[in-house]
Amino acid sequence: DGSSCSMPDTPELQKAFGQPDRQKKGCGFPVARLVAMFCWASGAVIDVAIGAYRSNELSLWHPLWGQLQAGDVVLGDRFYCTFADLTRLAARGCDGVFRLWGARARTLDFRQGTRLGKEDRLFVWSRSASRPRTLSAKAFASLPKTLTVRVLRFHTQVKGFRSRTVMVATTLRDTVRYPRERIAALYGDRWTVELRIRDVKTTLAMEVLRGKSPDVVRKEILMHFVACDLIRALMWQAAQRHGRPLHRLSFAGTMERFHVVAPYLCLFSGTPAAATMYQLLLRWIAADVLPDRPHRIEPRALKRRPKPYDLLTRPRNEMRRLLLR
């Protein structure tokens, strides 16, 4: 999935990353665009691509394909559901499960195609006549002219969910090995990537960076993801050692417990006491099991009010001159 993070307003960062058009010059902040690939089983970050604010997410996503291996299943949101990506993933021996969107979703007729089951069809997609700007001419010419895609439609009855009807396109066409219910459950797990990104941006405080040069900003982003993987490694060990479900262990709780124990681990490094304390740390982490909260709903609203300051609608040097008049 993709995300972004802000950084200080310096000329170097403005040139390297740029800022949203709706922000006035001198009043906004540069923003980096990110695309991260996570492991579904462990929650670890496999790789991340960093680009300017106006970078296309597909352009950032393609360089991460070197991490894919034959047999992998790529799960993503509707933005990644393209003919080119599905065919190129299939050529690597991988499969994709993406939400359908755009013109295909609006015009798809479930009365057509090959029926596999209730609201489960096979469709033959054709390559578009125009080349996507994220593909080179050579790569576009190498794409097959058609691709058989399985499309499934699900209806959600959970109150508070934004989408009532979801259409998913996938190259997993075997209905016996991959029944409709399993694919629906798999796409339902796509939301976990939002939680993993929240762990990095909110819990590890990556939303606003502090570096003042492009090189430092990129290193700062990468170090946040490295820290995330180290915490996930602790969670994995605690889950394996004490038989806990990994996805129900607390990321924030693991980080807080490690901060408490880390000074003592350093103090007694290389001694039997450090090994004992490490095992106690894993037991402490495993004890913090989050409650099972299926279909949890939270409003996107803030309780704490911001300070009632006026917004900076002009560059700061202009505002200073106005104050001195």
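## Met7 and the main core

Met7 touches Leu13, Phe17, Phe29, Pro30, Val31, Ala32, Leu209 and Val217, leaving aside residues up to four places away in sequence. This is a predicted model. Met7 also belongs to the largest nonpolar core, which has 35 residues. Within that core, the residues with the most contacts are Met7, Phe38, Met206, Leu209, Val217, Ile221 and Phe225.

Helix 1 (11-17), strand 2, strand 3, helix 7 (192-203), helix 8, helix 9 (251-267) and helix 10 each supply at least two residues. Helix 8 gives the most, with nine residues.

Another core lies apart from the largest one. This other core has 26 residues, including Leu64, Val74, Leu89 and Phe123. In soluble globular proteins, nonpolar side chains tend to be buried together.

Strand 2 spans residues 31-38, and strand 3 spans residues 45-52. The two pair in the antiparallel sense over seven bridges. In this pairing, Ala36 stands opposite Val48 of strand 3.

Six residues sit between the strands of the hairpin. There, Gly43 takes a positive phi near 80 degrees.

## Helix 8 against helix 10

Helix 8 covers residues 214-242, and helix 10 covers residues 272-287. Their axes come within 8 Å and cross at roughly 85 degrees. Helix 8 is therefore roughly perpendicular to helix 10.

Helix 8 makes the contact through Leu234, Gln237, Ala238, Arg241 and His242. Helix 10 answers with Tyr278, Gln279, Leu281, Leu282, Arg283, Ile285 and Ala286. By class, this contact has seven nonpolar, three polar and two charged residues.

## Helix 9 against helix 10

The axes of helix 9 and helix 10 come within 10 Å. They cross at roughly 170 degrees, so helix 9 is roughly antiparallel to helix 10.

From helix 9, the contact uses Thr254, Arg257, Phe258, Val260, Val261, Tyr264 and Leu265. From helix 10 come Ala274, Met277, Tyr278, Leu281, Trp284 and Ile285. The classes are 11 nonpolar, one polar and one charged.

Tyr278, Leu281 and Ile285 of helix 10 take part in the contact with helix 8 and also in the contact with helix 9.

Definitions and conventions. Residues are numbered from 1 along each chain as its sequence is written. This is a predicted model: local features need pLDDT of at least 70, side-chain atom pairs count only at pLDDT 80 or more; totals for chains, interfaces and linings use all residues. Side-chain values use heavy atoms; hydrogens and water are left out. Two strands pair if DSSP finds at least two bridges between them. Helices (H or I, at least four residues) and strands (E, at least two) are DSSP runs, numbered from the N terminus. Axes are lines fitted to C-alpha atoms, for helices over the stretch in contact, and angles run from 0 to 180 degrees between N-to-C directions. Angles under 35 degrees count as roughly parallel, over 145 as roughly antiparallel, 65 to 115 as roughly perpendicular and the rest as oblique. Contact means heavy atoms within 4.5 Å. Ala, Val, Leu, Ile, Met, Phe, Trp, Tyr, Cys and Pro count as nonpolar, Asp, Glu, Lys and Arg as charged, and the others, Gly among them, as polar. A nonpolar core is a set of buried Ala, Val, Leu, Ile, Met, Phe, Trp, Tyr and Cys residues joined through side-chain atoms within 4.5 Å. Buried means under 20% relative accessible area, exposed over 50%, partly exposed in between (1.4 Å probe, protein chains only).
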